Amino acid sequence: MDNDIILDFQNVTKKFPGVIALDNVSMQIRRGEIHGLCGENGAGKSTLMKILSGVYPYGSYEGKILYEGRELRLEDRSIRQAIEQGIAIVYQELTLVPGMTVGENIFLGKEPVENGSINWDKLYAETREILTKYKLDVSPQAVVKNLGVGKMQMVEIAKALSENAKILILDEPTSALSKTEIDKLMEILETLKSHGVTCIYITHKLEEFFRITDNVTILRDGKAITTRPTASLNQESLVQNMVGREMKERFPKGNRQPGDVIFEVENLQAVDPNEPSHKVLSGVSFNLKRGEILGIAGLMGSGRTELVTTIFGEYGKITAGTIKLEGKPIQIKSARDAMKVGISLVPEDRKGQGLVLIQAILRNISLANLDQFSGFFRIDQDAELAAATQQGKNLALKASSLQAPVSSLSGGNQQKVVIAKWLLTQPKILIMDDPTRGIDVGAKYEIYKLMNELAENGVSIIMISSDLEEVLGMSDRIVVMHAGRSNGTLEIADATQEKIMALATGIA
Amino acid sequence: MNLFTEITKRFHDNIQTYTIILALVLIWALFALMTPNFAYLQPQNFSNLFRQMTVTSFLAAGMVLVIVTGNIDLSVGKLAGFVSVVVAFFQARVWNTVIPDQPVLAASLSVVIGLLTGTLFGILQGYIISYLSVPAFIVTLGGMFVLRGGILIITQGKTIPANQPAFSEIAQGYLPPWAGWVLGIIVVALLFFNMFNSRLRKRKFGFEVASFNIDLLGTIFFSTLVIAYIFIVNRYNGIQVPVLLLAITALIMAYVSNNTRFGRYAYAIGGNREAARLSGINIKRNIFMVFVLMGFLCGVAGVALASYVGYGTTAAGEGYELDAIAACILGGTSTLGGVGTIFGAMIGGLIMASLTNGLQMLNVPAAYQYVVKGAVLILAVFLDVYFKKNR
């Protein structure tokens, strides 16, 4: 029985300043199984994977990980080492070189060499061998950028397997795939299983656990709640274990009375500025009331982010439709224009778009607001510090000093810095694109509370979220997007997950 | 917190700055020991050392912001050289016929023309880089070729003298010792005033104020440096005019980079372009302005160069861009953008000048001087990477 266990986590704890990402996690994964890993954002899944891949090296966490009976010791950042030991990860974001062929990608860094030059025939022959063995339907000589996402994923998997991976970790492999591509992936996973490869499968789509996994471990707030045979679970018990508490607890109830309509979008249509033939918005209409939280739901790729960045003047080229603020049509051509009329955007990608990570917290908070503190030439640094300090206090920002680099903060506190920056602009309308993505539950709660306070004080909030419960828990009304259109608006009183999904998938 | 722990904390917070200052002191000590009678640090050589750093350090002061925004300017050396020959051309060929016997007016007009030439070229390059979206590396590489041609066109392959009396003062002049002392007293007074004023303002806003002793100690330390510097150079000829100009330039640039929107935006753009854009920053205009400023400083450097050598030559400014970039990098400017200080670049420039000067005094052939300078640059960055990794 014992030698059936390929991977054994024993009391693994990983702490970050201010956050415990993994709290005494123990779990076992059997050889040859497909093991589901499930949990909300911030439950600890990605931390666990980063430990397995060596991003967080041996010694940076407490506890033990036994791999094939021996303790796993990966050195700093040595992802290579994890691969050599047979642990491979297929990430959510693909990591292929687009301009190279399938074969070149698979053998990148380990090309078969003869007398100092690459033996291309051997490379492509071996590529073909791998592809046929695991029934991957891709041509070895195809250039990767010409493949669809689904095929790229296959190449990623083939690449991992070419290293003789014993454990293959798939992190949200289906998030960008179509239904047929997902079916294909499931087939591939079955093939892998028959070849004795162990898979760890991470996803947000619960139905996939039931479809493919043998056992599921549920993580919540950094703790491993339980590991059970998938057959003994159903959707309800899975969700119950994931959430582990009543919805009321997750979302603080505000006491707000939305007022008049202040912002209206009518039949907004827009194209990708770099590719004018590509339509990103094909008719979005909604309105927003003073002091209201308006949720925007929709699947990935439904145009949610494109909608708000277009409103903010920083993405799509508007081809039709009107945007009205307080009854007057407005034209927003840049972030600066948006800020002038009182619209702020907390962007989707905190690190990539929200923060200058290497700079101090203070400078990040003041970045969009330097006009407030400047005369013709000089910035009043004392006034700047005073305002940032006040924002930090209001948001209960946990930081040793405002001079500390923002990269030293936890995800939740980083998000507070982004929010602080935008609140300092004193917006009438605050757009928040997935504001709680990847932050821990406590910080989420604080951000929800803050949103309620803001709305009570008359700020109108547009919140995009991928988390249906969050949309249902926080919004007054919900606009559901589907394929670049607003497919319907639901009052919170009669909104349910099912109704949202029906609108989001285009069934309704 | 007692004084000692506070001092060590300050050191720790600014470890990179102190490391490079330490490196400078080490280099000085080494050369002083290797030259007879510590000639290296005797007033005459000490004075020359600072004078030698000025031309490329004007360039470095602008280069910091260029690199901070994630760009590069390869044309600065040749632009300074071009400005120097343009200025020499006016000094030698134009003014003596248009406004004869008015050396001060002629020198002033030369300065204006020099600064204008630099700025105009900066405007041109900046426009192509930011508004026409051609990468800075390519635009300034092309600019370098263009300017090399421009220098040959103006000089016709010959050397143009620029050693007229008033004009020479710009980079060869000295303040009389008494003026040096007056300046010194003013600077020290300003340091103290600034200290009290900043404490007062901090109190007014209700911030925590550092202990009086540590502020006082810091102010006394910098005042001592200023006084010591003036004392040494006064034992030779007095404060060097170009060094004074450089100090003023560096102070203004440091102020601009920290205390103005323009400076802050430059750092934000280099740190995360996307975040800067979404914060409402006009990236194109900011980068354009950075190159205009760089052009202006090339004008300053070019005027100083013409005055310093007393000639406009075909080889003017050859390789200065590399010295300027090296000074920035030695001073902690990150080639990835977003990080770098003017102060660091000035120390970096001083290190480069110190190496050149010291190696020359030791009669090391020019070829080996380059080898040593290159090795020092790489070593410095290696040490930085090493310590960051193993902290």
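Start in chain A of this predicted model by selecting A:Leu66 and A:Glu71, which stand opposite each other, the latter in β5(A). Strand β4 (residues 62–67) of chain A and β5(A) run antiparallel and are joined by 2 bridges; strands here are DSSP runs of E of at least two residues, helices are runs of H or I of at least four residues, and both are numbered from the N terminus.

Axes are lines fitted to C-alpha atoms, for helices over the stretch in contact, and angles run from 0 to 180 degrees between N-to-C directions; residues are in contact if their C-beta atoms, placed from the backbone, lie within 7 Å.

Then move to chain B and show helix α4 (residues 76–98) and helix α5 (residues 103–131), whose axes come within 9 Å and cross at roughly 145°. Among the residues making this contact are B:Phe90 and B:Trp95 of α4(B), and B:Ile113 and B:Phe121 of α5(B).

Residues are numbered from 1 along each chain as its sequence is written, and chains are lettered from A and ligands numbered from 1 in the order in which they are written. Local features need pLDDT of at least 70 and side-chain atom pairs count only at pLDDT 80 or more, whereas totals for chains, interfaces and linings use all residues.

Conventions: Two residues are in contact if their C-beta atoms, placed from the backbone, lie within 7 Å. Two strands pair if DSSP finds at least two bridges between them.
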